[in-house]
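Student: Can we go through the aromatic rings in this one? Show me the model.

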Amino acid sequence: MFGKTPTSGASFYYVARVIAACCLIFGGISVASASLPPVYVHMNGANDFLESVVVVRPGQPVVWVNQDTGPHIIEGYNPMTGRRPLYLDKRIEGTPGAGHKVHTVEHVFRRIGIHYYFCPVHAHLVKVFGARVQPAKRTTVGGFGGAMRGLVIVTRDPALLKENPPSSRKKILPHFFGG
């Protein structure tokens with residue numbers, strides 16, 4: 001049917017409706033991607049992302065959960081140039097203590113690829129080789145390990161999608177504020 005020239009207005013409108021339905025289903029957030037469960041990345045008092053690497057499908061939400069008392073910022077960066085893309089720049093408030101609301105921010109990555117991010121409150125970008133950069137711990141942040149940075153891999157590879165840590169399936173982790 002689609003290979004032939006429509007002979008009447010009715011068949012043209014039928015084809016147009018089929019194309020419109022396909023655009024609704026496959027364009028933007030499809031019915032399948034809207035039902036994907038979120039993948040959670042937790043922050044606690046160690047000024048670290050507990051799940052520093054997570055893997056998601058295109059259209060699957062990533063939710064950062066701040067179970068720390070202080071605020072954080074989720075900011076993307078390009079390790080080859082140091083540029084900070086505007087699509088990933090989100091502030092997340094801290095949790096005052098046990099029994100208080102746990103703050104979250106969400107982002108949906110639509111394109112397959114690797115997305116780097118860091119918290120500029122606790123880390124800053126430094127040059128390492130040529131124009132390449134990576135987050136380094138701020139000297140004003142004491143008592144904890146390295147730079148607060150993470151990575152989101154967006155793929156359809158089933159083997160990689162199985163590699164997320166078990167904690168990435170839970171919004172609230174026990175033994176932290178709000179949990």
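Tutor: Quick term before we start: buried means under 20% relative accessible area, exposed over 50%, and partly exposed in between, with a 1.4 Å probe and protein chains only. This is a predicted model, so local features need pLDDT of at least 70 and side-chain atom pairs count only at pLDDT 80 or more, while totals for chains, interfaces and linings use all residues. Residues are numbered from 1 along each chain as its sequence is written, and side-chain values use heavy atoms, with hydrogens and water left out.

Student: Is Phe109 buried or exposed?

Tutor: Phe109 is buried, at 2% relative accessible area.

Student: What does Phe109 pair with?

Tutor: Tyr87, edge-to-face, at 6.5 Å centre to centre and 85° between the planes. Rings of Phe, Tyr and Trp (its six-membered ring) pair if their centres lie within 6.5 Å; planes under 30 degrees apart are stacked, over 60 edge-to-face, the rest tilted. Tyr87 is partly exposed, with 39%.

Student: How many aromatic pairs are there in the whole structure?

Tutor: The search finds 5. One of them is Tyr77 with Phe118, edge-to-face because the planes sit at 85°, with centres 5.6 Å apart.

Student: Which strands do Tyr77 and Phe118 lie in?

Tutor: Tyr77 is in E4 (residues 72-77) and Phe118 in E7 (residues 113-118), so this pair ties together parts 41 residues apart in sequence. Strands here are DSSP runs (E, at least two residues), numbered from the N terminus.

Student: And how accessible is Tyr77?

Tutor: Tyr77 has 7% relative accessibility, so it counts as buried. Phe118 is buried too, at 0%.

Student: New topic: which rings form a cluster?

Tutor: Phe49, Trp64 and Tyr117, linked by ring pairs.

Technical notes:
Helix = DSSP H or I, 4+ residues; strand = E, 2+ residues; numbered from the N terminus.
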